[in-house]
Amino acid sequence: MKLPAPQSLTARTAILFTLVSCLVVSGLGLYLYTSAKQALETRADYTLVGRVERFRTLLQDLYNVRQMEQRPALFESMLGNEQDVRIFQRTGEKPFIDVNPDRMTVPSLTPVPVDREVSVGALHAGTRADGVGVRWVSALATVGGQAGTVKITAAYVMTQESRMLAVYRLRVMGAIALAALLSSLLGFLLLRRGLSPLDVMRKRARQVSPANLAVRLPEEDMPSELRQLARTCNAMLDRIQSGYEHLSQFSSDLAHEIRTPVNVLAGQTQVALTQPRSAAEYEALLASNLEELTRITHIVENILFLSRTDHGAVTLERQPIALAPELEKTAEYFEGLAEERGMTFEIEASGAAHVNAVMYRRAVNNLVINAIRYGDAGTRIRLTAHSGPSGLTVTVENQCPPVTQEEAERMFRRFYRGDASRSLPTESSGLGLAIVAAIMDIHGGNARVETQGDGRIRFRLDFPAGSAE
């Protein structure tokens, strides 16, 4: 059954750290245990080889085998361990020295010839019934100057080495258990201390609320990894705060814009109902109400358009248009409204564009009507449009009261209008320039405003290179 993962990052990391520590210590303990075992086996091999070689030397120094038979204890005590095997026998005869305390079965061994030294490679590895390792070797030796040989069979039982390895194995297992315990404890404590900045960030994040969006996560005293996280979160909070403030301002402005025509509708209707009216008065009332309703409809349509552009729900279908005729049509359309304020148009255009014709006209029209509404009476409005390799540029320039750079930067915001504009009889909803900016975003371009030193202001639309033909 799969156990659920712990929810605490500290506990989870401490467990992983403990597992890694156990693996490392276990691997190191296994390596040391294997190295110790190989070292003990090598020492036992060389001990057995050295003693067999001494047997051969002693036999070479004897005059005959009978001397060896008379002094068997000399050879019986030379291997050291009581469990060691010593068997001496002449070819074709029974052993005249047979020391095999555990009565182990002698494996099939090929004796080392007399003219060759006994080497580790001649040894045969085996085990006793209880699992203790045994090293076997067999060699031929001559006795004095006599003809004939004696076969020496010897075995070294690794009793002491097995005990040492058993003790060492227990110590390794104890070291692994102790390492696991210490690793889990120290790892948990160190991680808890090391992750304490996260707790600071958590407490600070709990202070963020719609009423307190100015709170930011600390960056200066954080580790480099958490500093990047805090910086990213703070940037996110900046965007959220900006969007929230924008939404609040948008809601407030929208309520203000809707409230005015609704109040007019309600006031006019209430006055009309106070006493009987003539048919002509009712017709005038209905006409006024229709005007206010049209204004509300226009505001709603603009808001819906901006909402669709914000969510990328507007499809852009481009088509070629000639720039000079388009500007001439625009000037002709607004000529009557401009004449009311004594304003004239100057047009300079060349080339063609590949844009969405409806949106292009809407953007230019909004700039032109903005220039007529807020420009100085009796001045000239200059319209230019040029296409080239770098793209398409359209400008609408007019004379107006002085505008600060701060005001110029806010002009494309939704529902933004200067204080002086609110008293004008042609007051708009404050969404015209915002719609212009949205149309430019859809085309991949940008809209900006440039203030001139002589009191003139220029609105500039820059379309990308693909929009020019």
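Me: Which residues form the negative surface patch?
Reply: Asp and Glu count as negative. In this predicted model, the patch is formed by E328, E332, E335, E339 and E340.

Me: Which helices supply the residues of the negative patch?
Reply: Look at α8, residues 323-333, and α9, residues 335-340. Each supplies at least two residues of the patch. The largest share, three residues, comes from α9.

Me: Take E340. Is E340 buried or exposed?
Reply: Exposed means over 50%. E340 has 66%, so E340 is exposed. E340 is found in helix α9.

Me: Now S183. Where is S183 placed?
Reply: S183 is in helix α4, which covers residues 159-194.

Me: Why does S183 count as buried?
Reply: Buried means under 20% relative accessible area. S183 has 12%, so S183 is buried.

Me: Which residues is S183 in contact with, leaving aside neighbours within four places in sequence?
Reply: Contact means heavy atoms within 4.5 Å. S183 is in contact with F17, T18, S21 and F188.

Me: Let us turn to the whole chain. How many helices and strands are there in the chain?
Reply: Count 12 helices and 12 strands.

Me: What share of the residues in the chain is buried?
Reply: Of the 469 residues, 35% are buried. The chain exposes about 27300 Å². Carbon and sulfur atoms supply 56% of that area.

Me: What share of contacts joins residues at least 24 apart?
Reply: Start with contacts between residues at least 6 apart in sequence. Of these, 67% join residues at least 24 apart.

Key: Residues are numbered from 1 along each chain as its sequence is written. This is a predicted model: local features need pLDDT of at least 70, side-chain atom pairs count only at pLDDT 80 or more; totals for chains, interfaces and linings use all residues. Side-chain values use heavy atoms; hydrogens and water are left out. Patches are made of residues with over 30% relative accessible area and no salt bridge: like charges are joined within 9 Å, nonpolar side chains (Val, Leu, Ile, Met, Phe, Trp, Tyr) within 5 Å. Accessible areas come from the Shrake-Rupley method with a 1.4 Å probe; for residues, only the protein chains shown count as cover. A salt bridge is a side-chain nitrogen of Lys or Arg within 4 Å of a carboxyl oxygen of Asp or Glu. The place of a charge is taken as NZ of Lys, CZ of Arg, CG of Asp or CD of Glu. Helices (H or I, at least four residues) and strands (E, at least two) are DSSP runs, numbered from the N terminus. Buried means under 20% relative accessible area, exposed over 50%, partly exposed in between (1.4 Å probe, protein chains only).
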